[in-house]
Amino acid sequence: MARGLVIVDIQNDYFPGGRMELVGSERAAERAAHLLAGFRSRGEPVIHVQHVWEGDDAAFFSPGTPGVEINEAVRPAGGEPVVQKEYPNSFRETDLERRLRDAGVTEVVVAGMMTSMCVDATVRAAADLGFGCTVVHDACACPDLEFGGEVIPAASVHGAFIAALGDGYAAVTSADDV
């Protein structure tokens with residue numbers, strides 16, 4: 001099985017001082033950087049995904065702002081493709097599937113942000129498209145969420161989504177174990 005790393009939306013707006021700060025974004029980016037270094041050293045394919053939110057209603061990831069840029073911890077190296085997207089699912093209306101198939105990838109290893117949105121949607125879509133999937137739990141981050149008037153802490157949100165993905169959609173592992 002040929003592996004490829006897909007790094008989803010590790011962008012500046014998710015970090016302290018950004019317009020949509022996530023809980024644990026710096027630690028997740030550090031683990032993703034470790035993962036990225038390993039893929040680069042082995043010559044395995046790497047694809048970066050960048051969410052760009054067009055329009056006047058953009059809450060974050062606005063074109064031309066520092067927040068839309070991929071964070072320096074995982075900045076693409078020369079020749080590493082960047083797939084821009086407008087939806088949580090990184091495959092929707094992008095060429096991500098073609099790029100992976102052209103590279104001979106049959107298993108995607110996914111790291112990124114947000115666990116509860118774009119990581120989840122991308123992993124589920126990858127599985128539906130027939131890719132084997134691995135989610136690197138310590139290289140992902142998400143926000144606290146609210147439901148029924150209660151704040152659901154990010155750790156609980158992250159754990160629930162990772163557990164759900166691990167229950168049929170993906171293998172779940174740490175950056176060190178990839």
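Colleague: Before we start, how are residues numbered, and which pLDDT values matter?

Modeller: Residues are numbered from 1 along each chain as its sequence is written, and side-chain values use heavy atoms, with hydrogens and water left out. The model is predicted, with totals for chains, interfaces and linings using all residues, while local features need pLDDT of at least 70 and side-chain atom pairs count only at pLDDT 80 or more.

Colleague: How far does helix 1 reach from its first C-alpha to its last?

Modeller: Helices and strands here are DSSP runs numbered from the N terminus (H or I, at least four residues, for helices; E, at least two, for strands). Helix 1 covers residues 25-42, which is 18 residues. The expected span is 1.5 Å times one less than the number of residues. That gives an expected 26 Å, and the helix comes close to it, reaching 26 Å.

Colleague: Which strands do the buried residues of helix 1 pack against?

Modeller: Buried means under 20% relative accessible area, exposed over 50%, and partly exposed in between (1.4 Å probe, protein chains only). In helix 1 the buried residues are S25, A28, A29, R31, A32, L35, L36, G38 and F39. They pack against strand 1 (3-8), strand 2 (46-51), strand 4 (107-113) and strand 5 (132-141).

Colleague: What does I10 touch?

Modeller: Contact means heavy atoms within 4.5 Å. Leaving out residues up to four places away in sequence, I10 touches F15, A29, A32, E69, I70, N71, V74, G112 and M113.

Colleague: Is T122 buried or exposed?

Modeller: T122 lies in helix 3. Beyond residues up to four places away in sequence, T122 touches V8, P88, N89, S90 and F91. Its relative accessible area is 1%, so T122 is buried.

Colleague: Where is F131, and why does F131 count as buried?

Modeller: F131 sits in the loop between helix 3 (115-128) and strand 5. F131 counts as buried because its relative accessibility is 5%.

Colleague: Which residue forms a salt bridge with E30?

Modeller: A salt bridge is a side-chain nitrogen of Lys or Arg within 4 Å of a carboxyl oxygen of Asp or Glu. E30 is partly exposed at 36% relative accessible area. The closest N and O atoms are 2.5 Å apart, and the partner is R27.

Colleague: How many residues apart are D138 and R31?

Modeller: D138 forms a salt bridge with R31, the closest N and O atoms being 3.4 Å apart. This pair links distant parts of the chain, with D138 in strand 5 and R31 in helix 1, and the separation is 107 residues.

Colleague: Which residues are linked in a network of salt bridges?

Modeller: The structure holds 14 salt bridges. The linked residues are R27, E30, R31, D138 and D176.
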